[in-house]
Structures are given as C-alpha cells and as structure tokens.
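Let's take a friendly walk through a protein model, looking at its sheets and then at its cores. Keep the picture in view as you read.

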Amino acid sequence: MTFNLNTPDTAAKVLKLSGFKGYLNPHGLSLFTEGGKTYVYVVNHAPFNEPPPADTVVKFLWDVEKENLIHQKTFSSPEFRGLNNLVVVGLDKFYTTNWVMMTSPILRIIEILFFFLPLQNVVYFDGKVASVVLSGLYGANGIDISLDKKYLYVAEVPAKRVSSYRIEAPTKLVHVDSKPLGTSADNLNVDPETGDIWTGTHPRGLELMKYLLGYTNKSPSQVLRIGVKDGHFTKVAEIYSDDGSVLTASTVAVPYKGNVFIGTVDHKALFCKTTGLNAILNLK
C-alpha cells in the first residue's frame, strides 16, 4: 500500500503487483533510486509449511503513476535464515538482519519468544553472494545507514539498545558505539534532514509478548528520536507515547515536514503533527 504524506486526508491505496508469482508475506522494505527509477526491496517470509531457511528478498520496480510494483528479481541465500529488515546501499546490494536463526520449528518459536542467546546476525548481499558481517547479536531487528553512508545502525530488541558500526569496507564493519535505550527499538529510520534516528519502540516487552500470543488486546507504543554524530550517539528525545489505547505495538516512525507517520505490528497506522520541543531540539 502507499500513503501520501502530502495529502494525509486521502486514504491509503493498494498497489498492483505485476510479474510476481508465488507467495508474498512482506516484512521489512527499503527503497533505492538510480537513473530516475525507484526500486522497492522487500523481505519476503516463506510460507509457514516450508522449512527455514527459505526467506527471500524481492525486488520490484515502482511505477508511481500507474501505482504498480513490477517484479524484477528474487534473491535467496542459505544465509537468509529469518530475515527482518534491510537497507539497500547500491543496486542489488544491501544489508539485512536475521532476527531468528534456528531451523527447527520448535526451537525457532522458543528463540522468538525469549531470545536467550546472542545468535542473530547481520548479512551483506553484494548482488550475488551473501556474507555474515556481524554476529553475536540479540534479536537483530531494525537497520539503517547514515546520510554519508559511513555508518550502519542496528537495533537489538531484547538488548534494548541501538549500535553503530563504521563501514570500512562492505564486509568489514567496526563497532563505534552502543546506546542503551531502556525500551526495545524496532525499525530504524534516518531523518533525511538531520541524520537523527527515528524509531518505533516497545517499552514493555512482556506486554508485547502477551499481545502477540493473544492474551491481551493492546501493547504500549513509543517513538524515540536519537541524536547521532560521527557514529556516536548523543541525546534521546521521546516524541510519542501511549499505553496502547490509541496505537498498539508501534514498530516504525517516519518524520516528514513537522509530522510523523507511525506504524505498528498489526494494528493500524497513525499520522500526526509533532508538537513540543522534543521534535525540534538539536540532539547533537
């Protein structure tokens, strides 16, 4: 679907798919523009009856005028164990997070519910081959890249932290800084104007688990804006918070011209005007 942030009173529109055959269960996505064309790369989860690893990344050409996504390629790799999000850094080149690693269905459920061990990782795909570039992570989730393309940012949900890595080469990442947040950051989005990181978070992990398992009908939502300079995290400002009554289980926040678009796991989306100093303070 698409939602025009310039005309928020207009309903979201369902995009058409062309040339794609098979099962589409999308998760994270990333856009890349080159030569006047915009491509949408989407994490596609395999059907539940297929043994992992079977996740793929699907590439579409976005025809904006015809509101159509035209299938270009589907990328697969044994390293795509249980993908969550990705950030495209070049044509058919991207970093992606594995938020689960187990191949046994039972062990995978346990891994998702508890994230006992730092087993998850980040994978770099160079257009042909996928390589593990970061390992030993706790539930690797959101991922994005700095405006100058020098630093990679990764969120670890159960560790309640976000980390930055200097990109010395596509497959050589050096840890720069980690920031404890006291809340579980989900997806990360770099502000195209300030370079700050905006994230939808889960402030109460147990409530999120109860919500996902169907034991409660809401889970708190929160949006943070994280300052960062030369790979080092500075200050953090809270932009939005509620107990789940308005918005349940926030996962993503996208700033746009004094507004913010907030998405959720499976509830609804919220577009609202940012008010107060937290949205405009210099966090550097």
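## How strands pair

Two strands count as paired if DSSP finds at least two bridges between them. Keep that in mind as you look at this predicted model.

Take strand S10 and strand S11 (residues 151-156): four bridges join them, and they run antiparallel. Here Asp144 stands opposite Tyr153 in S11.

## The four-stranded sheet

S10 and S11 belong to an open sheet of four strands, ordered S10-S11-S12-S13, with antiparallel pairing. Strand S10 (140-145) and strand S13 (172-180) are at the edges; each has a single partner strand, so one side of each is left without a neighbour in the sheet. On average, neighbouring strands of this sheet are turned by 25° against each other, direction ignored.

## The five-stranded sheet

Another open sheet has five strands in the order S1-S5-S4-S3-S2, and its pairing is mixed. Its edges are strand S1 (16-18) and strand S2 (26-34), each with a single partner strand, so one side of each lacks a neighbour in the sheet. Neighbouring strands here are turned by 30° against each other on average, direction ignored.

S2 and S3 run antiparallel and are joined by seven bridges. Look for Phe32, which stands opposite Tyr39 in S3.

## The nonpolar cores

Which residues of the largest nonpolar core touch the most other members? They are Tyr41, Val57, Phe75, Phe80, Leu86 and Phe94, out of 15 residues in this core. Strands S3 (37-44), S4 (56-63), S6 (83-90) and S8 (120-125) each supply at least two of its residues.

Leaving aside neighbours within four places in sequence, Phe75 is in contact with residues including Tyr41, Val57, Phe80 and Phe94. A second, separate core has 14 residues, among them Tyr124, Val133, Ala140 and Tyr165.

Notes: Residues are numbered from 1 along each chain as its sequence is written. This is a predicted model: local features need pLDDT of at least 70, side-chain atom pairs count only at pLDDT 80 or more; totals for chains, interfaces and linings use all residues. Side-chain values use heavy atoms; hydrogens and water are left out. A nonpolar core is a set of buried Ala, Val, Leu, Ile, Met, Phe, Trp, Tyr and Cys residues joined through side-chain atoms within 4.5 Å. Buried means under 20% relative accessible area, exposed over 50%, partly exposed in between (1.4 Å probe, protein chains only). Contact means heavy atoms within 4.5 Å. Axes are lines fitted to C-alpha atoms, for helices over the stretch in contact, and angles run from 0 to 180 degrees between N-to-C directions.
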